[in-house]
Amino acid sequence: MKKYFLHHKKIKIIILTILCITSLIWFIYSVIELRRSGELRTNNSIRKHYAYLHNTVSVNNITAWMTFDYINVIFKLDSTYLKNALMIDDTRYPNIRIDRYAKNHNINNQVFLRVTQQLITNYINNKK
Amino acid sequence: MGILTQAILPFILLYKYWALFTLTFLASLAIPIPAGTILIASAAFASQGYFNIITIFIIVLIANIAGDNVSYWLARQYGKKIFSYIKFTKKILESTNFTLIEKAISSHPGFIVFISRFEVLSTLSINIICGLGKVTYKKFMIFEVMGSFVNVIFFILIGYFFGNSWQAVNKLIGNFSIFFFLFIFLILSIFWKKIIKNLKKEKNKL
């Protein structure tokens, strides 16, 4: 049986074909699952895609490892807005991580993150 | 997101292009840094306006080429000396199988150098074998640049076009690469008899 299995060319091809089809089905399934969960967002038109990119940056995407500089750029904030609103006196601003700043100033990380998110939401709403 | 990535991404946000160059350079020397993920993430940051996509492309390409050149030249200048000091590597260097591999790469360097750019460990091994063997620098460079170019473009486009969804795409690539390796392993296990037969034929010719 083993000998037959290893030598028969047709069986090898069948195995490879099954593997190819399985991998394709699995790939499509993963894409569908990721799109359903909202993790993967695609747009068929490249033009729409650019417009879409700018609309999909949400304050909920902000995480503690991000820097103030990065947040200022992606949300198009005034460079001094967060500094003044959060009363940041660190000379490294805006090149400092949110969690590092919170840790250095003995502030609860999650609370500080939520306050930052709220301030950005207010800024965006006021701009509208 | 992995712990390693969580530690690396802020480093890129803080030191920008310098960090990108350093990390890519180190990754091309097979230091365990997720270079693909870094590139996808950087391109995603570029799509958000934080980086310039062309600058990222140039910097990563230069870093990749520089890293590969370091391993090629180190192997070419000191490879044989260093490997002959260690018993284990000396044995490998003197084996017929190694001579066969060296010969195969020296006779068809283009395709092998090009394809190897898509996997970190194979990149390093091929660079070392090319350095140890008789692959000319000109030949090595042409296919090295071509391979790195395609590799960098591939990851940059993924990051740039998927923008905020880059983490999901990265997860997809990660899952798929596991399957890809299993697939290669299965192909090798199916055709191993043919490979051994060919190697023995070559051995007899030597």
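The model is predicted. It scores ipTM 0.72 and pTM 0.76. Chain A has seven helices and zero strands. Chain B has nine helices and zero strands.

**Confidence**

- Chain A has an average pLDDT of 79, and 78% of its residues score at least 70.
- Within chain A, helix H1 (residues 2-7) has the lowest mean pLDDT of the elements, at 52. H4(A) has the highest, at 91.
- Chain B has an average pLDDT of 82, and 85% of its residues score at least 70.
- Within chain B, helix H9 (residues 166-205) has the lowest mean pLDDT of the elements, at 69. Helix H3 (residues 53-85) of chain B has the highest, at 91.
- Where pLDDT is low, predicted coordinates should not be read in detail.

**Overall make-up of chain A**

- Along the sequence, the elements of chain A read α-α-α-α-α-α-α.
- Chain A has 128 residues, and 10% of them are buried.
- Take the contacts in chain A between residues at least 6 apart in sequence: 55% join residues at least 24 apart.

**Overall make-up of chain B**

- From the N terminus, the elements of chain B run α-α-α-α-α-α-α-α-α.
- Chain B has 206 residues, and 35% of them are buried.
- Of the contacts in chain B with a separation of 6 or more, 77% are between residues 24 or more positions apart.

**Backbone features in chain A**

- Most residues other than glycine have a negative phi, and most peptide bonds are trans. The next points list departures from that pattern.
- A:Lys76 is not a glycine, yet its phi is positive, at about 50 degrees. A:Lys76 sits in the loop between helix H4 (68-74) and H5 of chain A.
- A:Lys76 has 12 other C-beta atoms within 10 Å, so it counts as exposed. The cut-off for exposed is 12 or fewer.
- A:Asn106 also is not a glycine and has a positive phi of about 50 degrees. A:Asn106 lies in the loop between H6 and helix H7 (109-127) of chain A.
- A:Asn106 is exposed because it has 6 C-beta neighbours inside 10 Å.
- The peptide bond between A:Tyr93 and A:Pro94 is cis, with omega about 5 degrees. A:Pro94 is in the loop between helix H5 (81-85) and helix H6 (98-104) of chain A.

**Start of chain B: H1, H2 and the loop between them**

- B:Pro34 lies in the loop between helix H1 (3-28) and helix H2 (35-47) of chain B.
- B:Pro34 has 18 other C-beta atoms within 10 Å, so it is partly exposed. A buried residue needs 20 or more.
- B:Pro34 and B:Asn151 are 117 residues apart along the chain. Their C-alpha atoms are separated by 14 Å.
- H2(B) has 13 residues, and 13 of the 13 are buried.
- From first C-alpha to last, H2(B) reaches 18 Å. That is close to the 18 Å expected at 1.5 Å a residue.
- B:Gly49 follows H2(B) and has a positive phi, near 95 degrees.

**H6 and H8 of chain B**

- The axes of helix H6 (residues 109-116) and helix H8 (residues 137-162) of chain B come within 8 Å. They cross at roughly 35 degrees.
- The crossing of H6(B) and H8(B) is right-handed.
- H6(B) contributes B:Pro109, B:Gly110, B:Val113 and B:Phe114 to the contact. H8(B) contributes B:Lys139, B:Phe140, B:Phe143, B:Glu144, B:Met146 and B:Gly147.
- The residues of this contact are six nonpolar, two polar and two charged.

**H7 of chain B**

- Helix H7 (residues 120-132) of chain B has 13 residues, so at 1.5 Å a residue it should span 18 Å. Its end C-alpha atoms are 18 Å apart, which agrees.
- The buried residues of H7(B) are B:Thr123, B:Leu124, B:Ile126, B:Asn127, B:Ile129, B:Cys130 and B:Gly131.

Key: Residues numbered from 1 in each chain as written. Chains lettered and ligands numbered in written order. Predicted model: local features only at pLDDT ≥ 70, side-chain atom pairs only at ≥ 80, totals over all residues. pLDDT = per-residue confidence, 0-100. Helix = DSSP H or I, 4+ residues; strand = E, 2+ residues; numbered from the N terminus. Contact = placed C-beta atoms within 7 Å. Axes fitted to C-alpha atoms, helices over the stretch in contact; angles between N-to-C directions. Left-handed = near helix turned anticlockwise from the far one by under 90°. Nonpolar A, V, L, I, M, F, W, Y, C, P; charged D, E, K, R; others polar. Expected span 1.5 Å × (residues − 1).
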